[in-house]
Amino acid sequence: TDGVDNDADFVADCDDEDCFGETGYTTELNCTDGADNDLDTLVDCDDTVDCGSTPECSPYVAFFEFFEIDPDSFDLEGRSITFTPDAVDPRLYTFALTSGTTAYPVTPGTGTTTTTLPLTTSTNRAVTFVNLPSFTFFGEAYTTVHVGSGGHVNFGTGYTGSVDSMSEFFGRPTVAVLGEYLNPSSGTVTVDDFADRVVVTWNDVPFSGEPELNQFQLILNSTGTIEMHYVAVPEGGPDGSDSIVVGITDGVGISPYPDEVEAFRRTLRNAG
């Protein structure tokens, strides 16, 4: 513990395997070095007691932003977000934000198969793919999507409410396009199923109890790429709301939850 590389092997103190297991070094302080630092036979993230809550060993994978409506403004109107899975590790994604979205890329009702969902506030419907063989999300292949009235879709199981809290967002594999309470009974939610993609469109759907209409679309491509397109979204979000969530998560469901992705947060906020 003297801060000196005493044996001149270029590592000092607890970073030197000569010190592993010594008094005062009884936890896996380095969770990514491939070594059993505390000599308990468990290495790095396998040492769940010492490393289970660290960011590098978190069971969660997520790319998301919670927009706190006050004081942050929320305005994704005219923009699109694309998440692309990594070619090597399908549980990792890159994302891109673009502007100039003035219309839906896919016209609702033009699918090989089209389903109009009878959604009202706090409801969801399961839709099994007819033409798309499957959609891979965080490395898992699904043949059914659960479409929620609250501007989100789930995989595995559906959720009836809004995903605008951490526990709700992380409760199951989720794509939150506009995660807030919406009222689709005064608009339409359609699912267009093609051989190479499934498209979910929330058209003229207001926030619950408010007149402003939202128009946004989600495209799940056979390649695993996820597209979110915002044609019309009221600037500032719903009145009296605490937050809107936008993003994706593998949804392990228990805390501690991961932090928002800094680059994603910065990009979206800089965009307005």
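**Figure 1. Arg197 and its salt bridge with Asp196.** Arg197 is partly exposed at 26% relative accessibility, where partly exposed lies between buried (under 20% relative accessible area) and exposed (over 50%), with a 1.4 Å probe and protein chains only. The side chain of Arg197 meets that of Asp196 in a salt bridge, at 3.6 Å from N to O. A salt bridge here is a side-chain nitrogen of Lys or Arg within 4 Å of a carboxyl oxygen of Asp or Glu. Asp196 is also partly exposed, with a relative accessible area of 39%. By this rule the count comes to 1 salt bridge. The model is predicted: local features need pLDDT of at least 70, side-chain atom pairs count only at pLDDT 80 or more, and totals for chains, interfaces and linings use all residues. Residues are numbered from 1 along each chain as its sequence is written, and side-chain values use heavy atoms, with hydrogens and water left out.

**Figure 2. The protein chain as a whole, for orientation.** The chain holds 3 helices and 15 strands; these are DSSP runs numbered from the N terminus, H or I with at least four residues for helices and E with at least two for strands. Of its 272 residues, 48% are buried. The accessible surface comes to about 12300 Å², and carbon and sulfur atoms hold 50% of that. Areas come from the Shrake-Rupley method with a 1.4 Å probe, and for residues only the protein chains shown count as cover. Among contacts between residues at least 6 apart in sequence, 57% join residues at least 24 apart, a contact being heavy atoms within 4.5 Å.

**Figure 3. A patch of negative charge in the surface view.** Asp7, Asp9, Glu17 and Asp18 gather in this patch. Patch residues have over 30% relative accessible area and no salt bridge, and like charges are joined within 9 Å; for nonpolar side chains (Val, Leu, Ile, Met, Phe, Trp, Tyr) the limit is 5 Å. Asp and Glu count as negative and Lys and Arg as positive, while His and the chain ends are not counted. Each charge is placed at NZ of Lys, CZ of Arg, CG of Asp or CD of Glu. Asp9 lies in the segment before α1 (48–51) and is partly exposed at 32% relative accessibility.

Figure 4. Most residues other than glycine have a negative phi. Ala8, not a glycine, has a positive phi of about 55°. Ala8 lies in the segment before α1 and is exposed, with a relative accessible area of 55%. Phe138 also has a positive phi, near 50°. Phe138 sits in the loop between β6 (135–137) and β7 (140–142) and is buried at 3% relative accessibility.

Figure 5. Strand β15 spans residues 243–249 and includes Ile248, which is buried at 0% relative accessibility. Leaving aside neighbours within four places in sequence, Ile248 contacts residues including Val61, Phe83, Tyr93, Phe138, Phe169 and Met228. Val61 is 187 residues from Ile248 along the chain, and their C-alpha atoms are separated by 8.5 Å.

**Figure 6. Surroundings of Glu28.** Glu28 lies in the segment before α1 and is buried at 2% relative accessibility. Not counting residues up to four places away in sequence, Glu28 touches several residues, among them Asp36, Asp38, Asp44, Asp47, Asp50 and Cys51.
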